[in-house]
Amino acid sequence: NIELPIGVADTQALRENLYAIIVCCMTRIPLIIIGPPGCSKTLSFKIALANLQGEVSPRQVFRHKIMKSLDPHIYQCSKHSTTEDINTLFEKATSRQEQIDISKQSAVSVVFMDEAGLPEDNLQVLKVLHYHLDNPEVSFVALTNTILDAAKSNRAVCLFQVNTSDKDLQQLAGALMGYPDVK
């Protein structure tokens, strides 16, 4: 029931990513999606954002009161990311969630970290996540091309995307050529 943008192939990886994002965001269970470039990690989050809009969602199924809209707090990680940057992001998302709760809006604040594997391991920049993953006041989705250490991975649902299947490759090729219904 997800509305996909024109030209986006409906692959198994995309479906798995979307399912995990929706379930984990609605339940505030931290999620880490791990996979190689091109397995629809970032795209799936953008599609979830476009579909989970509460009463103005494009599909009726997402207008139900248990399906909250997503209020994203996006952070693009880099080798220059700092503990302070990440902590500030969570503080802003938590403050926004408090405002949402007070005003009785049907929304959930989501911290979205793209390229979560980029910060320097030796600086322990991501160690600040431990507290936020153990005590989730907001939803959390991290995307990474590499597996994060066990201290983080054990605190979240981890979805691993591996090699693209032949069927997904056919669907991708069909979408690129303007034939999105290739099976």
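Which residues make a nonpolar surface patch of about 320 Å²? The residues are I147, F160 and V162. The model is predicted: local features need pLDDT of at least 70, side-chain atom pairs count only at pLDDT 80 or more, and totals for chains, interfaces and linings use all residues. Residues are numbered from 1 along each chain as its sequence is written, and side-chain values use heavy atoms, without hydrogens and water.

**View A. I147 in the nonpolar patch.** Patches of this kind take residues with over 30% relative accessible area and no salt bridge, with nonpolar side chains (Val, Leu, Ile, Met, Phe, Trp, Tyr) joined within 5 Å. I147 sits in the loop between strand 4 (139-144) and helix 5 (150-153). With a relative accessible area of 59%, I147 is exposed (over 50%; buried is under 20%, partly exposed in between; 1.4 Å probe, protein chains only).

**View B. Polar contacts of Q161.** Q161 lies in the loop between strand 5 (157-160) and helix 6 (166-176) and is buried, at 8% relative accessible area. Its side chain makes a polar contact of 3.1 Å with that of E16 and one of 2.9 Å with that of N17 (N or O atoms within 3.5 Å, one able to donate a hydrogen and the other to accept it).

**View C. Salt bridge between E3 and R59.** The closest N and O atoms are 3.8 Å apart (cut-off: a side-chain nitrogen of Lys or Arg within 4 Å of a carboxyl oxygen of Asp or Glu). E3 is partly exposed at 38%, and R59 is partly exposed at 33%.

Key:
Patch = residues over 30% accessible without salt bridge, like charges linked within 9 Å, V, L, I, M, F, W, Y side chains within 5 Å. Areas by Shrake-Rupley, 256 points an atom, 1.4 Å probe, with all protein chains shown as cover. Helix = DSSP H or I, 4+ residues; strand = E, 2+ residues; numbered from the N terminus.
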